[in-house]
Amino acid sequence: MAKHRIDRRALLRGLAGSTVAVGAASLAGALPAAASGGASNGHLVPRGHLGIQLYSVRDKIAQFGFAAVFEELSRIGYREVEFAGYTQGAVGPITPAQIRQLLDDNGLKAAGSHRGLGDFRNNLEWELDVAETLGMPAIGTASAPTGNRTIAGYQAAAAEFNTWGAAAAARGIKLYQHNHTIEFSFALDRPDVRLYDLFLELTDPRYVFLELDILWAYGGARKYPGFRPVDYVKAQPHRFPLFHVKDGVPLPDPQQGNSYLDVEFGAGTIPFAEFFTELDGGGRFTYLWEQDTAPNAQPNPPGSLGAAERSYQRIVDLRGER
């Protein structure tokens, strides 16, 4: 494993490339890896349930590979990872079985994976095979259920998800859909029907689950007002096993993009303490930090592991408000 270790000078350059200052102790690698456990002393996010969407550190995976990045994420304290693909760029090919071994070697678990709708339509059994190999309890997609934002379009999409979800459930795996803001818009042929509500209604709760991207849900509430994101989870907590814990600042025009620009955790305006205090759920959920546009530029954001380390600490430091 030593040959896969991140070159510390290269890593420090990557950390220093972030736009948010990092302390000397963190740069020196002084933060200890966190032990698993539940929320205590007012902490809202249990360390053992805190993970990362690997898209946030995609540049480092492409540069150093899964082995080195997993080692660093484990050192920081992350205990779960959500995949955004199973390749590692120029580092070379790797099999799902090899990835699983690297997870085990670093005390990490696979929380889930983002796959395309076409992957489920055309290669569902292979996707479930990979999920089983990696030990995933769930597999999902970050795609909207359909681009056809009509009642009929969502009826057809829900039928697909129910079929995929039943196949996944037969193998002990949960199928989930991850939101952006567009899912909170209204049906083009029924402006009184919110599409997210329709999807929840039409999909079978035994087979189809939701990963709430908290930032984009707040973006949906800003762009298409009339709901509070937390109320969806409070109404059906069993249908929301995973969160994307992503911070952001509102864009000047509420109708632009997802209505927010995502930023490093703690630099935005999303009221996470209030949100998690209302849920009072602790270990019922998996909390996955994500930053799509890690500091500076796409598609190779410098400093992404630095952002991951600082965000980890800020998330575990979240305290209840009551």
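Because the model is predicted, local features are reported at pLDDT of at least 70 and side-chain atom pairs at pLDDT 80 or more, whereas totals for chains, interfaces and linings use all residues. Residues are numbered from 1 along each chain as its sequence is written, and side-chain values rest on heavy atoms, with hydrogens and water left out.

The secondary structure comprises 12 helices and 12 strands, where helices (H or I, at least four residues) and strands (E, at least two) are DSSP runs numbered from the N terminus. Of the 322 residues, 55% are buried, a term that denotes under 20% relative accessible area, with exposed meaning over 50% and partly exposed lying in between (1.4 Å probe, protein chains only). The accessible surface amounts to about 13000 Å², and carbon and sulfur atoms contribute 53% of this area, as computed by the Shrake-Rupley method with a 1.4 Å probe. Among contacts (heavy atoms within 4.5 Å) with a separation of 6 or more, 78% involve residues 24 or more positions apart.

A nonpolar core is taken here as a set of buried Ala, Val, Leu, Ile, Met, Phe, Trp, Tyr and Cys residues joined through side-chain atoms within 4.5 Å. The largest such core has 82 residues, and those with the most contacts inside it are L54, F83, F243, F275 and F276. Helix α6 supplies the largest share of this core, namely seven residues. A second, separate core of six residues includes A111, A138, Y176 and L242. When residues up to four places away in sequence are set aside, F276 touches L44, V45, I214, F243, V245, Y287 and L318.

The structure holds 23 aromatic pairs, in which rings of Phe, Tyr and Trp (its six-membered ring) have centres within 6.5 Å, and planes under 30 degrees apart count as stacked, over 60 as edge-to-face and the rest as tilted. The pair of F83 and Y86 is tilted, because the ring centres lie 5.7 Å apart with the planes at 55°, and both F83 and Y86 are buried. The rings of F243 and F275, with centres 5.8 Å apart and planes at 80°, are edge-to-face; this pair links distant parts of the chain, F243 lying in strand β9 and F275 in helix α11 (residues 272–279), 32 residues apart. Ring pairs also join F243, F265, F272, F275, F276, F285 and Y287 into a cluster.

Salt bridges, defined by a side-chain nitrogen of Lys or Arg within 4 Å of a carboxyl oxygen of Asp or Glu, number 20. R171 and E132 form one of them, at 3.1 Å from N to O; since R171 lies in the loop between α7 and β5 and E132 in helix α6 (residues 117–134), the pair ties together parts that are 39 residues apart in sequence. E125, D129, E132 and R171 are linked in a network of salt bridges. In another salt bridge, the closest N and O atoms of E290 and K246 are 2.9 Å apart. E290 is buried at 5% relative accessibility, and K246 is buried at 0%.
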